[in-house]
Amino acid sequence: MLSDPIVALATAPGRSALALVRLSGVGVFEIAARVIDEFVIEPARTGRLAAFLGPSGKAIDRGLYFAYPAPHSFTGDDTVECTCHGGLVVPAGLVAAFQAAGARQALPGEFTRRALLNGKLDLLQAEAIGDLIDATATAQASTALHQLDGALSRRIAALRERLLELLALLDYEVDFPEEDDGPISRERITGEAEELSADLTALLATAPVGERLRQGALVVLAGRPNVGKSSLFNALLGTERALVTPEPGTTRDTIEAQVEFEGWPVRLADTAGLWDAPGAIDRMGVDVSRRYLGAADLVLVCVEADGEVEADDRELLERWPSVLVRTKTDRRTDGPTDRGELSVSAVTGQGLDALRRAVAARLFDSGGQSYADLEPMLTRERHRVALERARYELEEARTLLEDEGEPVLVAHHVRRSSAALEELIGVVGVEDVLDRVFSRFCVGK
Ligand SMILES: Nc1nc2c(ncn2[C@@H]2O[C@H](COP(=O)(O)OP(=O)(O)O)[C@@H](O)[C@H]2O)c(=O)[nH]1
Ligand SMILES: [Mg+2]
């Protein structure tokens, strides 16, 4: 049912000072009155201290509750939130009491889904809630918050509005075809279509960095054995994750870890590197390295400070998006390294901050300006695919316009372009899109 009463623990289960239990749907105030001692709705949205009672009337806990009469709640339906003590017993007991009183356990993302159906937020904002919760780096969180705030939604809505205006101009031409140079000139229509197409393209250009930002950029350490890749990996992580020995070929499997460079999300990978491996296992390690190189957003090609950049290294530098990193600078005796080269020591920590800064800038900056300042950004494949479809349909319309095609046909493509944007925001209830988006949510969201 669309708004039957649902209940869930909104905070992470386990040991904690407090926990939040959320109840929403039609009839939740009656259900709340069976569990919360002396429950009152008014004054709304105001915390009141009360005893929470189990089905037998025995107290489960004492805590605060808030009543949110519709439509002034997160979901848009009548809602009650209870703050109780944390841990394994009390929150579970409270959820069970609400279930015994007539609510059902919520499905993953069901609260947010209702908020969407009640027009409290759109699909882009709903996704942003998930991204904000899943963020591991500050830049991810601020982008998600911006999207939750409606920045991307407003941009998409404005584009859609202009497509609808274009449609109105075309309709006018359908209705009054004889007015050759009537109030609306063809130039005006083609000019507007061209501008719109350019704006769609500009927004699409944010997708690579936006998706990289949401998922974390993959940075791969590569280079010949023993140049200090694993040591650098550990130093950047601040823990001894990868094994380090003076023996070549210590690293076989690729190890990946989530780190933050200057607030930006990076997935750092330590590889075996590419080399003429003697044994079967070593060769498997080299194969894995190769796959990682193919997926990398940036490859750090490591060469010892007093070593030569050899043919293998040069090949890596030419083939992949990469930077040369000079390692073990503490051992170098003959003065500073070449300017513009990154040089680090895993032993002294020298150059690590500069490396983090340079990598973050390379991955997330554009001409000195951080991509995050050029918000809003497309952060998901779903966004990119929808926008590509919108642009494709608009291009079809433009081709027809140039060929003096039928305005009805042109309008058809403009309408499809606008429909792609509507699906993106969730204006039209495309159930399977909703299912896909919400299946990744946790219960209580
Ligand atoms: N002096 C010095 N030795 C290092 C440094 N980084 C790595 N090493 C040494 O170089 C050897 C190989 O290091 P390792 O990280 O396993 O290299 P990998 O094979 O490229 O992963 C080990 O004996 C390390 O102790 C460094 O910054 N300074
Ligand atoms: Mg290693």
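I take a polar contact to be a pair of N or O atoms within 3.5 Å; within protein, one must be able to donate a hydrogen and the other to accept it, and residues adjacent in sequence count only if both atoms are side-chain atoms. I note that the model is predicted, that local features need pLDDT of at least 70 and side-chain atom pairs pLDDT 80 or more, and that totals for chains, interfaces and linings use all residues. Residues are numbered from 1 along each chain as its sequence is written, chains are lettered from A and ligands numbered from 1 in the order written, and side-chain values use heavy atoms, without hydrogens and water.

Entry: ligand 1. I looked up the polar contacts of its oxygen atoms. One oxygen atom lies 2.6 Å from an N or O atom in the side chain of S231. For the side chain of K328 I read 2.9 Å from a ligand oxygen atom to an N or O atom. At N226 a polar backbone atom is 2.8 Å from an oxygen atom of the ligand. The protein covers 85% of the 580 Å² of accessible area that ligand 1 has on its own (Shrake-Rupley method, 1.4 Å probe).

Entry: the sheet. I find 6 strands in an open sheet of mixed pairing, ordered β8-β9-β7-β10-β11-β12. Strands are DSSP runs of E with at least two residues, helices runs of H or I with at least four, numbered from the N terminus; two strands pair if DSSP finds at least two bridges between them. β8 (255–261) and β12 (342–343) each have a single partner strand, so one side of each lacks a neighbour in the sheet. β10 (residues 298–304) and β11 (residues 322–327) run parallel, joined by 6 bridges.
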